[in-house]
Amino acid sequence: MPALGRALIDALKAHGAQEIFGIPGDFVLPFFKVIEESGALPFYTLSHEPAVGFAADAAARFRASISVAVATWGAGAFNLVNPVAGAYAERSPVVVISGAPGVHERASGWQLHHMAKALDTQVKIFREITCDQAVLDDPGRAPADIARVLRSAVEYSLPVYIELPRDLVGSDVPAVERLDRLPADPAALAECADEILAHLKAAIRPVLMVDVEIRRYGIEAKVARLARALGIPAVTTFMGRGLLSDAPDVTHGTYMGAAGDHDITRMVETSDGLLLIGVILSDTNFAVSERKIDMRRAMLASGRQVRIGHHVYPDIPLDALIDALLARLAGHTRQPGNAAEAHPPSTLTLDDAPIQPSDIAAAINDLFARHGPMPMAADMGDCLFTAMEIEGAPLVAPGYYAGMGFGVPAGLGACVAAGGRPMILVGDGAFQMTGFELGNCRRYGWDPICVVFNNSSWEMLRVFQPESGFNDLDDWRFAELAGPLGGDGVRVTTRRQLADALERAHATRGRFQLIEVMLPRGETSETLARFVAGYKAARERKA
Ligand SMILES: Cc1ncc(Cc2c([C@H](C)O)sc(CCOP(=O)(O)OP(=O)(O)O)c2C)c(N)n1
Ligand SMILES: [Mg+2]
């Protein structure tokens with residue numbers, strides 16, 4: 001029989017994990033020892049637990065499988081709360097494993113170090129931001145608990161929490177079984193698929209809108225096939241930008257209401273048959289709609305249920321639904337709908353003019369046109385809105401939870417899980433939070449390209465509240481910090497310098513490349529400007 005620590009690692013691998021991110025501490029040293037000595041999964045330590053959580057989240061998103069974040073009890077695990085909350089909000093299956101006091105220590109009566117309030121405070125907190133939890137304090141029950149929790153992570157594409165007392169890591173336990181998938185009622189699934197197809201057939205202007213769940217469940221290619229079989233155009237939500245990038249024939253762009261392409265906005269908002277696949281009904285996806293989308297006439301398949309009008313089909317797994325729809329359309333190969341003309345990507349004017357945020361998108365579009373797209377990780381701030389102007393590249397970003405600090409650690413997770421060298425987009429404010437994690441690249445041979453939007457400002461907040469002085473930041477001269485951290489850094493102030501720096505960075509392998517782009521305060525990307533205008537207009541309409 002394997003020891004509990006090894007049984008847990010083998011179970012993680014059997015459920016799809018391909019690496020572990022973490023930071024050790026005394027309550028998790030025995031488990032880290034098993035991770036290192038077993039070699040069962042590659043593992044990477046970073047510098048601060050928020051980065052561990054963001055990196056694991058990004059790895060889960062790129063791999064469409066579970067990922068793992070390991071920390072010590074209390075001081076370590078509580079540092080994971082924010083990234084795990086973001087993963088929960090954006091349906092990313094991060095498995096949180098926290099070391100913990102030994103079963104015998106718990107009975108000591110001492111106030112144990114790292115303890116905030118009580119021995120069960122931590123699991124109570126994680127209950128709010130995970131879909132299933134287990135405290136492995138009984139080796140006899142542990143394999144079944146692990147199997148249950150890991151199945152929940154896979155089935156619901158949500159984070160889960162496992163607490164591992166340090167004195168049980170070596171306890172002999174039976175191997176962890178993989179449980180069968182949670183069943184879907186075949187009759188409900190059939191009735192639901194038939195009803196959706198009937199609505200789409202009756203619609204004059206049907207549209208598919210896709211969001212993050214189609215990647216979480218690994219069904220992007222199936223959804224593209226569905227769009228082709230139906231002959232219906234597909235758009236992504238703001239959060240879903242970068243989805244279906246391998247299916248340009250069916251993808252017609254990103255819906256952003258008043259902030260987006262007018263043709264796409266009109267196509268979505270006048271549709272009489274809107275099928276929302278894996279869509280999160282968040283304000284960032286729909287708050288700047290020009291016309292309120294009549295959700296009563298839309299069909300929403302998300303979170304393992306399907307809502308049509310005023311009735312709900314519970315417990316309908318998204319992948320099973322897409323399979324059922326495709327089965328009913330076998331042999332149908334209608335042409336994709338005649339959607340809005342795809343606008344060619346913006347390109348950069350190579351001159352000595354100062355740089356505006358949308359110039360960065362144009363320069364990256366040019367780079368991708370020359371060398372092919374790179375997987376991208378964007379932080380929160382104008383860099384995220386600029387990313388909406390970059391075409392044809394997979395993107396991970398906190399588009400709904402909107403937590404800063406995600407970008408650089410997510411880029412490190414992408415170095416491991418994205419299948420190609422990543423491009424990171426991050427503002428100076430967010431870089432101040434987690435940008436120094438780039439110092440971990442040298443140990444692991446990672447070499448992302450990191451573009452820092454340096455406007456010495458919390459510019460996105462200034463757009464909403466221009467009169468406030470607290471949005472002014474100091475200029476930290478980030479490019480000069482790259483060398484000591486093991487990379488190459490360059491500061492650029494003109495469009496020609498930007499293009500040259502990107503080309504040079506792309507040609508340089510083996511060291512991270514930091515391009516510090518100096519931007520004037522008060523300037524934003526075209527997309528953010530439209531988003532803010534749309535947001536203010538929507539707010540005035542409601543006032
Ligand atoms: C962890 C965290 N803290 C605070 C915020 C609030 C916030 C924004 C959102 C609205 O909540 S946008 C923004 C400024 C971002 O500055 P920077 O990274 O330099 O990007 P840019 O200058 O392009 O804005 C802050 C502080 C946040 N989203 N996440
Ligand atoms: Mg800034």
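## Helix packing, annotated domains and an aromatic pair

Helix H10 (residues 220-230) packs against helix H13 (residues 318-328) at an angle of about 35 degrees, and their axes are 10 Å apart. The model is predicted: local features need pLDDT of at least 70, side-chain atom pairs count only at pLDDT 80 or more, and totals for chains, interfaces and linings use all residues. Residues are numbered from 1 along each chain as its sequence is written, and side-chain values use heavy atoms, without hydrogens and water.

- Axes are lines fitted to C-alpha atoms, for helices over the stretch in contact, and angles run from 0 to 180 degrees between N-to-C directions.
- Helices (H or I, at least four residues) and strands (E, at least two) are DSSP runs, numbered from the N terminus.
- The crossing of H10 and H13 is left-handed (the near helix is turned anticlockwise from the far one by less than a right angle; clockwise would be right-handed).
- Lys222, Val223, Arg225 and Leu226 of H10 are in contact (heavy atoms within 4.5 Å) with Ile322, Asp323, Leu325 and Leu326 of H13.
- This contact of H10 with H13 has 5 nonpolar, no polar and 3 charged residues (Ala, Val, Leu, Ile, Met, Phe, Trp, Tyr, Cys and Pro count as nonpolar, Asp, Glu, Lys and Arg as charged, and the others, Gly among them, as polar).

**Helices H3 and H16**

- H3 (residues 49-63) and H16 (residues 407-417) pack at about 45 degrees, with axes 7 Å apart.
- That angle makes H3 oblique to H16 (under 35 degrees counts as roughly parallel, over 145 as roughly antiparallel, 65 to 115 as roughly perpendicular and the rest as oblique).
- H3 and H16 cross in a right-handed sense.
- On the H3 side the contact includes Phe54 and Arg63, and on the H16 side Pro409 and Gly413.
- By class, the contact of H3 with H16 has 11 nonpolar, 1 polar and 1 charged residues.

**Domains listed by UniProt**

- An unreviewed UniProt entry places "domain: Thiamine pyrophosphate enzyme N-terminal TPP-binding" at residues 4-117.
- Residues 4-117 are 43% helix and 16% strand, with the end C-alpha atoms 28 Å apart.
- The unreviewed entry lists "domain: Thiamine pyrophosphate enzyme TPP-binding" at residues 395-517.
- Residues 395-517 are 37% helix and 19% strand, with the end C-alpha atoms 20 Å apart.
- UniProt positions follow the numbering used here, feature names are shortened, and annotations may be inferred rather than shown by experiment.

**Aromatic pairs**

- The whole structure has 17 aromatic pairs (rings of Phe, Tyr and Trp, the last by its six-membered ring, with centres within 6.5 Å).
- One of them is tilted: the ring centres of Phe21 and Tyr44 are 5.6 Å apart and their planes are at 35 degrees (under 30 degrees counts as stacked, over 60 as edge-to-face and the rest as tilted).
- Phe21 is in strand E1 (residues 20-22) and Tyr44 in strand E2 (residues 43-45), so the pair ties together parts 23 residues apart in sequence.

How values were computed. Chains are lettered from A and ligands numbered from 1 in the order in which they are written.
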